[in-house]
Amino acid sequence: MSKRRIILIVLTIVACVVVIAYLFPVYWLVSMSFRIQKDMFAWPPKLFTLHLTLRNYKGLVEGHGLLWYLRNSAIIAPLSVALSMVIGSVAAYGLARFRYPGKVGSQIASWILSLRMLPPVAAVLPLFLIFSRLRLVDKFYGISLAYTFFNLPFIIWLLKIYFEDVPEEVEQAALVDGANRIQIFFRITLPLSTPGIATTFILALAASWNEFLMASQLATFNTRTLPVLIASFIWDRNLQWGYATASAVISALPILIIGLFIQRYIVKGLSFGAVK
Amino acid sequence: MGHKGGFHGLDGRTISRANFESRRRRWWAGVSKWLYLLPALAILVGIVIYPLIYMFRSTLFQWQAGIFGRFLGLSLWAKLLTGETLRIALTNSVILAVGTVVCELLLGLALALFLNETLGRLRTVLRAGLLIPIFIAPVIVGLMWRIIFNPQYGVFAWAIGQRGFSPIARDDLALYAIMLSEIWQWTPFVFIILLAALQSVPIDVLEAALVDGASFPKRLRHVIIPHILPAIIIALLLRSMEAFKIFDTIQVMTHGGPGRATEDMTYLIFRTGIWVSDVSTAATYSWVLVIILTVLASFFLKYAYRERG
């Protein structure tokens with residue numbers, strides 16, 4: 001038994017080392033954002049330094065409107081996720097619960113999922129033209145609507161899996177008791193699939209918060225988001241290390257905090273009902 | 001309309017109120033289930049299908065500043081399908097897609113098998129740490145690796161002891177640098193799905209296999225893999241869906257270069273359509289990709305649904 005214990009401890013130590021090494025790029029980025037110029041461009045690179053500064057962050061807030069970009073992202077991402085979640089959950093519920101004639105149900109489901117494979121770049125040009133005509137370019141609700149391109153298929157497919165795991169008998173019992181579909185959806189289906197909802201929510205939120213291509217084309221002036229700001233410090237031949245890394249840290253923090261708060265749900269949600 | 005509390009059915013016969021109610025309800029149930037799908041389908045048609053149709057039209061006509069000009073027919077298709085540019089981009093896309101998905105699955109499985117053996121409390125902490133890459137923007141991940149691979153001051157050049165060396169500046173290595181950043185970001189996603197599945201492998205079955213003296217590869221093949229197969233398929237499906245969409249990391253790390261070394265299909269469409277503003281060409285490339293992805297998705301989904309039962 002004690003021999004097994006030793007093996008376990010050794011394995012655990014090795015695992016810690018592996019994970020810490022895995023996360024080195026994250027440390028390196030964060031560390032860069034707090035460095036003075038001389039420590040960023042040192043040879044050999046300084047793996048660790050105590051000479052820290054907030055200059056990059058201060059410059060971003062004062063000279064580049066960091067908080068303004070943060071606000072834009074904080075409007076667009078939740079708005080687009082809310083839109084996709086409301087419409088997507090209704091569709092997913094329909095696909096999970098009802099029988100459609102023939103194989104139409106499963107055909108629609110796999111058609112919707114296959115849309116997720118399409119890259120946004122294939123639609124961004126015509127979307128820009130349509131949006132210009134409808135005056136949706138550079139509007140918060142316009143860009144949020146554009147994000148349904150990748151959010152909606154993803155949300156419908158994931159939620160369909162989660163809703164299918166809610167036992168149908170529970171819903172049938174409620175139906176017999178005189179509850180209508182809306183009550184059932186909110187009082188039974190949603191609460192019983194909380195981990196799935198949380199997982200879907202955070203993945204869609206991260207995808208919208210982190211989206212770059214559509215934002216760079218459709219949110220051109222008044223609604224520019226954080227990824228666009230970060231990319232503005234990165235050019236073909238060169239990049240502004242301090243501003244790029246500092247804006248990256250600020251951009252990553254909100255989603256990371258939310259994600260780590262609900263990580264219990266995410267882990268449960270990502271186990272999927274298929275793996276009971 | 002009715003008499004004695006009854007209603008006329010379609011055939012003119014009188015039916016009872018209860019009967020009418022139940023018919024009405026059945027009719028409503030038949031109709032209402034479509035209403036659940038309607039908003040989603042309407043949005044998808046507007047945001048996905050209509051743009052694709054628009055793009056298809058611009059493959060047939062010379063597009064200029066929002067106006068469809070001269071009719072091209074399929075001549076653009078014929079020209080681009082045989083072109084070197086498409087071949088390079090398609091090859092890069094396939095290498096990226098297959099390479100990232102395969103590596104993510106193998107590494108994710110290895111990581112899950114490995115961390116599944118570690119102490120309980122610490123496992124939760126390590127798992128939380130590995131959640132970090134999933135939530136970071138691909139733009140940021142690209143930035144990370146670009147800083148690490150900086151030829152003059154990067155840690156990579158320092159670690160291998162060759163100042164001035166950078167894989168993203170080499171046309172034979174740049175694509176693998178992009179691949180690395182993708183794999184780094186998404187292996188943890190696969191890992192978390194597979195770890196959850198591993199924890200549900202019944203202990204008595206595993207112990208029975210141990211008692212029988214089955215070696216680790218044998219246990220893996222005959223007990224563990226079959227049990228976590230549904231999870232593997234879900235991970236495979238979720239990751240393959242994204243595999244042909246790699247763009248942000250390329251934009252940040254290499255801009256498709258050096259030369260065309262890291263130009264995949266999405267980047268090619270971006271470059272021709274948005275930088276060069278040759279929309280008809282970009283549209284044709286888009287449609288080549290759409291056709292390939294649609295065929296791929298239908299094969300893939302058929303297989304995945306069959307395996308999942």
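Two residues are in contact if their C-beta atoms, placed from the backbone, lie within 7 Å. The model is predicted: local features need pLDDT of at least 70, side-chain atom pairs count only at pLDDT 80 or more, and totals for chains, interfaces and linings use all residues. Residues are numbered from 1 along each chain as its sequence is written, while chains are lettered from A and ligands numbered from 1 in the order in which they are written.

**Exercise 1.** Find which residues of α7(A) meet which residues of α1(B), and state their classes.

Solution.
Step 1. Helices are DSSP runs (H or I, at least four residues), numbered from the N terminus. In α7(A), the residues are A122(A), A123(A), P126(A) and L127(A); their partners in α1(B) are V48(B), P51(B), L52(B), Y54(B) and M55(B).
Step 2. Ala, Val, Leu, Ile, Met, Phe, Trp, Tyr, Cys and Pro count as nonpolar, Asp, Glu, Lys and Arg as charged, and the others, Gly among them, as polar. This contact has nine nonpolar, no polar and no charged residues.

**Exercise 2.** Describe how the axes of α7(A) and α1(B) cross.

Solution.
Step 1. Axes are lines fitted to C-alpha atoms, for helices over the stretch in contact, with angles from 0 to 180 degrees between N-to-C directions.
Step 2. Helix α7 (residues 121-133) of chain A and helix α1 (residues 17-60) of chain B have axes that come within 8 Å and cross at roughly 85 degrees.
Step 3. Therefore α7(A) is roughly perpendicular to α1(B), a term for angles of 65 to 115 degrees.

**Exercise 3.** State how many residues of chain A are in contact with chain B, and which helix gives the most.

Solution.
Step 1. On chain A, 77 residues are in contact with 76 residues of chain B.
Step 2. Helix α15 (residues 241-261) of chain A gives the most to that side of chain A, with nine residues.
Step 3. By class, this side of chain A has 62 nonpolar, 12 polar and three charged residues.

Definitions and conventions
Helices (H or I, at least four residues) and strands (E, at least two) are DSSP runs, numbered from the N terminus. Angles under 35 degrees count as roughly parallel, over 145 as roughly antiparallel, 65 to 115 as roughly perpendicular and the rest as oblique.
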